Amino acid sequence: MVKETVIHVYCMPGLAANPSIFEMIRLPEQKFQIHWLDWLLPKPKESLKEYSARLCKKVKHENPVLIGVSFGGIIVQEMAQQMQVRRVIIISSVKSEKELPRRMRFARCTKAFKILPTSLARYVDAFEKVAVGDFARKRAKLYKKYLSITDTRYLDWAIEKMVCWERPEPFPDVVHIHGDKDEIFPYRYIDGCITVKGGTHVMIINRFRWFNEHLEEIILTGNLKEKKEKELSN
């Protein structure tokens with residue numbers, strides 16, 4: 001009897017996030033092995049292509065599946081241009097510069113992203129202490145747990161590369177999963193995706209059960225059956 005080959009799945013978190021955003025994601029262990037990728041500090045004037053090439057060296061298995069969330073989705077698309085992959089899946093992300101919201105395109109034209117106070121990211125702990133109300137406190141704890149990359153060199157670089165991503169048309173065969181309540185990359189700008197009803201930008205965290213139910217099929221086929229599409233609002 002021939003032993004089934006394990007599919008290696010590499011997961012890239014969103015901007016400033018650590019890979020623990022994937023901590024609740026489960027795939028059948030007899031078929032898949034999940035690996036987390038971490039952000040690297042960018043080198044001075046490093047291009048997105050050069051940065052992605054460094055991350056490719058962290059991938060130790062042939063023909064992997066690459067999954068990226070938000071800005072991590074942009075990164076895995078760039079990685080896939082430099083290595084052989086089985087599938088590229090992006091979550092709460094964009095496939096081209098045309099899917100960026102107007103405010104980001106405006107920031108791109110005006111260079112407004114250069115004046116963002118990224119140093120404020122260092123004060124997540126203080127935000128937690130002064131947060132008022134249950135919602136604010138829960139959001140502050142979420143930030144503290146998952147947004148751990150506070151180095152301004154990384155933040156300045158990442159924001160610029162996301163806003164100024166030069167990708168007029170999508171790469172072929174990218175599988176896009178997007179929530180229709182995404183507040184960072186609004187659903188109305190997204191052209192062609194597997195829609196998660198009620199899914200927000202952080203659905204990889206708070207809708208992990210949906211991913212655990214459907215991700216295996218998406219990895220293996222690149223899509224969801226019509227029957228399951230109707231279940232997304234449940």
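**Starting at one lysine**

Tutor: Lys 31 counts as partly exposed, with a relative accessibility of 25%. Buried means under 20% relative accessible area, exposed means over 50%, and partly exposed is in between, using a 1.4 Å probe and protein chains only.

Student: Where do these values come from?

Tutor: This is a predicted model, where local features need pLDDT of at least 70 and side-chain atom pairs count only at pLDDT 80 or more, while totals for chains, interfaces and linings use all residues. Residues are numbered from 1 along each chain as its sequence is written, and side-chain values use heavy atoms, with hydrogens and water left out.

Student: Which residue forms a salt bridge with Lys 31?

Tutor: The partner is Glu 216, and the closest N and O atoms of the pair are 2.7 Å apart. Glu 216 sits in helix α8 (residues 208–221) and Lys 31 in the loop between β1 and β2, so the pair links distant parts of the chain, 185 residues apart. Helices (H or I, at least four residues) and strands (E, at least two) are DSSP runs, numbered from the N terminus. A salt bridge is a side-chain nitrogen of Lys or Arg within 4 Å of a carboxyl oxygen of Asp or Glu.

Student: How many salt bridges does the structure hold?

Tutor: There are five. Another one joins Lys 98 and Glu 169, whose closest N and O atoms are 2.5 Å apart. That pair also links distant parts of the chain, with Lys 98 in the loop between β4 and α3 and Glu 169 in the loop between α6 (152–163) and β5 (174–179), 71 residues apart. Lys 98 is partly exposed at 49%, and Glu 169 is partly exposed at 43%.

Student: What about Asp 151?

Tutor: Asp 151 forms a salt bridge with Arg 153, with the closest N and O atoms 2.9 Å apart. Asp 151 is partly exposed, with a relative accessible area of 25%, whereas Arg 153 counts as exposed at 53%.

Student: Which residues gather in a patch of positive charge?

Tutor: Arg 102, Arg 103, Arg 105 and Arg 188 gather in one on the surface. A patch is made of residues with over 30% relative accessible area and no salt bridge, joining like charges within 9 Å and nonpolar side chains (Val, Leu, Ile, Met, Phe, Trp, Tyr) within 5 Å. Lys and Arg count as positive and Asp and Glu as negative, while His and the chain ends are not counted. The place of a charge is taken as NZ of Lys, CZ of Arg, CG of Asp or CD of Glu.

Student: New topic! What is the phi of Lys 45?

Tutor: Phi of Lys 45 is near 60°, a positive value in a residue other than glycine. Most residues other than glycine have a negative phi. Lys 45 is in the loop between β2 (32–36) and α1 (48–56), and is exposed, with 85% relative accessible area. Ser 92 also has a positive phi, about 55°, although it is not a glycine.

Student: Is Ser 92 buried or exposed?

Tutor: Ser 92 counts as buried, at 0% relative accessibility. Its place is the loop between β4 (87–91) and α3 (102–110).

Student: And what is Glu 23 in contact with?

Tutor: Leaving aside neighbours within four places in sequence, Glu 23 is in contact with Trp 36, Lys 145 and Tyr 146. Contact means heavy atoms within 4.5 Å. Glu 23 is in the loop between β1 (7–12) and β2, and it is partly exposed at 27%. Glu 23 and Ile 205 are 182 residues apart in sequence and 8.4 Å apart in space, C-alpha to C-alpha.

Student: Now zoom out. How many helices and strands are there?

Tutor: The protein has nine helices and six strands. Of its 234 residues, 47% count as buried. Among contacts between residues at least 6 apart in sequence, 64% join residues at least 24 apart.

Methods: Areas by Shrake-Rupley, 256 points an atom, 1.4 Å probe, with all protein chains shown as cover.
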